[in-house]
Amino acid sequence: SKKILITSQKGKFSYQQWKIIRAYIHDNLEKSIHLDDLAGLLSMSTFHFLRLFKSTSGFTPHQYLIRIRLHHAQQLLQNSKLNIEEVAFRTGFSSGPHLTSAITRFLKLTPSKLRKNS
């Protein structure tokens with residue numbers, strides 16, 4: 001894989017770096033995504049990567065990943081007939097109950113209410 005060595009501006013990722021990180025997250029949503037892997041995409045230390053990530057997105061990588069996974073799960077629940085276990089699997093949650101608790105905690109809805117609201 002190609003390493004991108006373009007330097008960031010003002011303590012944030014460059015447009016190209018951010019595009020690479022976001023594409024990797026979206027392409028690997030159903031897998032376990034590790035901080036070292038993300039930092040490695042840009043040949044950075046995890047410390048430097050974390051600082052730039054938070055500065056660029058306003059979130060920690062974990063917070064950002066949960067938001068992306070929840071958004072994708074919401075889309076699947078509202079636009080498909082997939083059951084909760086399949087949606088959880090496709091969005092990187094460990095189980096249906098794990099996804100249900102995340103939806104309830106962050107979106108203040110149950111998956112069935114979320115589905116009905118579509």
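**Exercise 1. At what angle do helix H3 (residues 46-57) and helix H4 (residues 61-79) pack, and how far apart are their axes?**

Before we start, note that this is a predicted model, where local features need pLDDT of at least 70, side-chain atom pairs count only at pLDDT 80 or more, and totals for chains, interfaces and linings use all residues. Residues are numbered from 1 along each chain as its sequence is written, and side-chain values use heavy atoms, with hydrogens and water left out.

Step 1. Find the helices, which are DSSP runs of H or I with at least four residues, numbered from the N terminus (strands are runs of E with at least two).

Step 2. Compare the axes, which are lines fitted to C-alpha atoms, for helices over the stretch in contact; angles run from 0 to 180 degrees between N-to-C directions. H3 and H4 pack at about 50 degrees, and their axes are 9 Å apart.

Step 3. Name the arrangement: that angle makes H3 oblique to H4. Angles under 35 degrees count as roughly parallel, over 145 as roughly antiparallel, 65 to 115 as roughly perpendicular and the rest as oblique.

Step 4. List the contact (heavy atoms within 4.5 Å). H3 brings Phe49, Leu50, Phe53, Lys54 and Ser57, while H4 brings Pro61, Gln63 and Tyr64.

Step 5. Sort these residues: 5 are nonpolar, 2 polar and 1 charged. Here Ala, Val, Leu, Ile, Met, Phe, Trp, Tyr, Cys and Pro count as nonpolar, Asp, Glu, Lys and Arg as charged, and the others, Gly among them, as polar.

**Exercise 2. Describe how helix H1 (residues 15-27) meets H3 and H4.**

Step 1. Take H3: its axis and that of H1 come within 12 Å and cross at roughly 95 degrees. H1 is therefore roughly perpendicular to H3.

Step 2. Look at the side facing H3. Trp18, Ile21 and Ile25 of H1 meet Phe49, Phe53, Thr56 and Ser57 of H3, a contact with 5 nonpolar, 2 polar and no charged residues.

Step 3. Turn to H4, whose axis comes within 11 Å of that of H1, crossing at roughly 55 degrees. H1 is therefore oblique to H4.

**Exercise 3. Which residues lie nearest the centre of the largest pocket, and what lines the second largest pocket?**

Step 1. Volume is the space filled by probe spheres set on the points, which are joined across faces, edges and corners.

Step 2. The largest pocket has a volume of about 320 Å³. Of its 15 lining residues, Gln63, Ile66, Arg67, Leu70 and Phe106 lie nearest the centre. H4 and helix H6 (96-107) each supply at least two lining residues, and the lining has 7 nonpolar, 5 polar and 3 charged residues.

Step 3. The second largest pocket holds about 150 Å³. Its lining consists of Ile25, Ile33, His34, Leu35, Leu38, Leu50, Pro61, His62, Leu65, Ile66 and Arg69. Helix H2 (35-41) and H4 are the elements that give two or more residues, with the largest share, 5 residues, coming from H4.

Methods:
1 Å grid on protein atoms, 1.4 Å probe; cavity = no way out; pocket = protein on both sides within 12 Å on 5 of 7 lines; lining within 4 Å.
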